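Q: I have a structure open here and some questions about it. Can we go through them?
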Amino acid sequence: MVRLITHNMLACHVKNCTKDNFPLSFSDVELVVRPAPENLEFIQRFLPKLDWSALVDTARSLGDESLPEQMPDQWTEEQLKALHHVLMELHVEEGNMTCRGCGHVYPISNGIPNMLLAEHEVGR
Amino acid sequence: MSISLPTPNIAHLTEEDYEHVYEPAEDSFILLDALELDAQLIRGDKPTICVEIGSGSGIVSTFLSQLVGPSSSLVLSTDINRYACEVTLRTAKANQISLNPILCHLLDPLSSRLRNKVDILVFNPPYVPTGMTELLDTQHQKDIGGAWAGGQDGMIVTDIILDQLPDLLTPSGKMYLVTVVQNKPLEIIRKMEAKGLICKEIIKRRAGRELLSVLRISRELHQ
Ligand SMILES: C[S@@+](CC[C@H](N)C(=O)[O-])C[C@H]1O[C@@H](n2cnc3c(N)ncnc32)[C@H](O)[C@@H]1O
Ligand SMILES: [Zn+2]
């Protein structure tokens, strides 16, 4: 269950990869839609934590066109509901996330993203 | 004033799971008790992003999610052990909440995006003092041994996060950290205060041979 709210927080952390290391691009995904309890107050509170253009691009890459290019200043209930759906209800169960900077592939299997790196790739 | 919350259901976990994943023990329970003790404080801040490092069985992440309200906060749970990530997902399901396990070392893939965004961070770390070889081996094997081996003073893994902490917390953010006396909690407190954070031992108890405590580390002063 990599939801887009989680994906929006994940960046490539390979040593020296600092350019285009976010957002990671999805490919070969198995997408599952699961209804989630709606809490629009939470969604609103989450707005400042989001990278909006990363979210819009990622949603579009998965075939969801419901989000506007620019983050609205004033949100309608309908827009918040659409955002709730994109953030909380789209689950990537299987697939890959690829760094656009260095090409590193992070696989997702059984809903768990594998973000581990081999020792020589680690930047710490 | 503390609030009483039910302990998460972990009856679905088997002996086989516990061959690879840390079975909740006194150190897990003291962390639950610390969160419960601070429940009103935590809820009062309306946490938006909560993170647990080293979720193991998922018992603490589940408790935290229930404490803050399962659909009022994003709870991210990391672990270097893939079995732990799988079990965390199952524990979430068994308790009708949703968790977001991420297989990684500490906060590696999250730290750049979580800069000043973490409201609640919890960590029951591998805190047992061991030799450096045991630490490196277990961190490399990423299995059950990684649950306790902590290297010098049991602090090698924890120290990495304590160094990052000032960059992670929101203004009202808080970290809850499990320690044993061998970790030298007083030194941790001094060290965090030197970084401009406030650090307080909020609960302390003896469990068998271990003298456990939970430290609350925050930017703001609390009672
Ligand atoms: C003492 S157990 C705590 C498990 C659970 N949170 C609890 O309280 O019962 C420590 C956990 O940290 C994980 N861990 C150890 N080193 C780690 C690291 N470098 N990054 C993430 N998790 C780690 C272990 O796999 C283990 O699940
Ligand atoms: Zn990269």
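Q: Which atom of ligand 1 does a polar side-chain atom of E52(B) lie 2.9 Å from?
A: A nitrogen atom of ligand 1. That is a polar contact, meaning a pair of N or O atoms within 3.5 Å. The model is predicted: local features need pLDDT of at least 70, side-chain atom pairs count only at pLDDT 80 or more, and totals for chains, interfaces and linings use all residues. Residues are numbered from 1 along each chain as its sequence is written, chains are lettered from A and ligands numbered from 1 in the order in which they are written, and side-chain values use heavy atoms, leaving out hydrogens and water.

Q: And S28(B), how far is its polar side-chain atom from an oxygen atom of ligand 1?
A: The distance is 2.7 Å. In the side chain of H105(B), an N or O atom is 3.0 Å from a nitrogen atom of ligand 1.

Q: How much of ligand 1 does the protein bury?
A: The protein buries 99% of the 600 Å² that ligand 1 exposes when taken alone. These areas come from the Shrake-Rupley method with a 1.4 Å probe.

Q: Other topic. Is D17(B) buried or exposed?
A: D17(B) is buried, at a relative accessible area of 15%. Buried means under 20% relative accessible area, exposed over 50%, and partly exposed in between (1.4 Å probe, protein chains only).

Q: What does D17(B) touch?
A: Leaving aside residues up to four places away in sequence, D17(B) touches H12(B), V87(B) and R90(B). Contact here means heavy atoms within 4.5 Å.

Terms used
Polar contact = N/O pair within 3.5 Å; in protein donor to acceptor, adjacent residues only side chain to side chain.
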